[in-house]
Amino acid sequence: MTRLTLCTDHRGTPEQPGRVVTVIERTFWETLNDPLANLESEASTTGKVWGAAYHIPASHAEEVHDYLDEREIDGYSAHYTPFHPTVDTEGVAGSTGSSPIICMLYVGQPTNPQFLRDPADREPQNVAQVISAGHGLSGKGSEYLFLLEKALEGLGLATADVHVTDLVKRVKGIEAEGVAEAEEEEAELKVTKSLERSVEESDRENGRASIE
């Protein structure tokens, strides 16, 4: 299962942690009382996680490994797992005969301090608020979420993870409200300045009338 964890560097700060995705065991997820559990697809109930695997040439393996270790150090640890390709070695789509590939991936373990254990922190609207406000070394939390949804859709599953899609809708709603509030504040400021100018002009007119 894919769920979110704390981020205090790339999409947040130590003072205002953001949220980033991680992979967890389904058996553990079932203990979390997920509010969107009823929306899980049939494919999700199998415990499968879809993703993309990348082959790194041996000449660059150490360099890439060091880079990923540094990038993922905040809340993640490296693990190895079988990856089952949906294309065979000849590149034929839909093939199921390919042998599993052992891949390295980074997982935010439930034992890690960055893992969201408090149910209130995992509440969808709370998560959406944090993502909307989050910003770190790699950019905004909302940008991360929107790109994550597109990446998941790009796997050929037609739709992204239901939790990710729900968060995207919530974050866009929050941002839309923020834009509306900003426009309202700007309009109120213009009205206030206009009224102030009117009062000043009236005072000047009254002053001239008194002199005359």
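1. Does aspartate 166 count as buried or exposed? At 17% relative accessibility, aspartate 166 counts as buried, where buried means under 20% relative accessible area, exposed over 50%, and partly exposed in between, with a 1.4 Å probe and protein chains only.

2. Before going further, please keep in mind that this is a predicted model, in which local features need pLDDT of at least 70 and side-chain atom pairs count only at pLDDT 80 or more, while totals for chains, interfaces and linings use all residues. Residues are numbered from 1 along each chain as its sequence is written, and side-chain values use heavy atoms, with hydrogens and water left out.

3. The structure holds two salt bridges, a salt bridge being a side-chain nitrogen of Lys or Arg within 4 Å of a carboxyl oxygen of Asp or Glu. In one of them, aspartate 166 pairs with arginine 170 at 2.7 Å, N to O; arginine 170, at 25% relative accessibility, counts as partly exposed. These two residues are four apart in helix H6 (residues 162-211), so about one helical turn separates them.

4. Arginine 71 and glutamate 72 also form a salt bridge, with their closest N and O atoms 2.7 Å apart. Glutamate 72 counts as buried at 13% relative accessibility, whereas arginine 71, at 35%, counts as partly exposed.

5. As for the whole chain, the protein has six helices and six strands, which are DSSP runs numbered from the N terminus (helices H or I, at least four residues; strands E, at least two). Of the 212 residues in the protein, 29% are buried.
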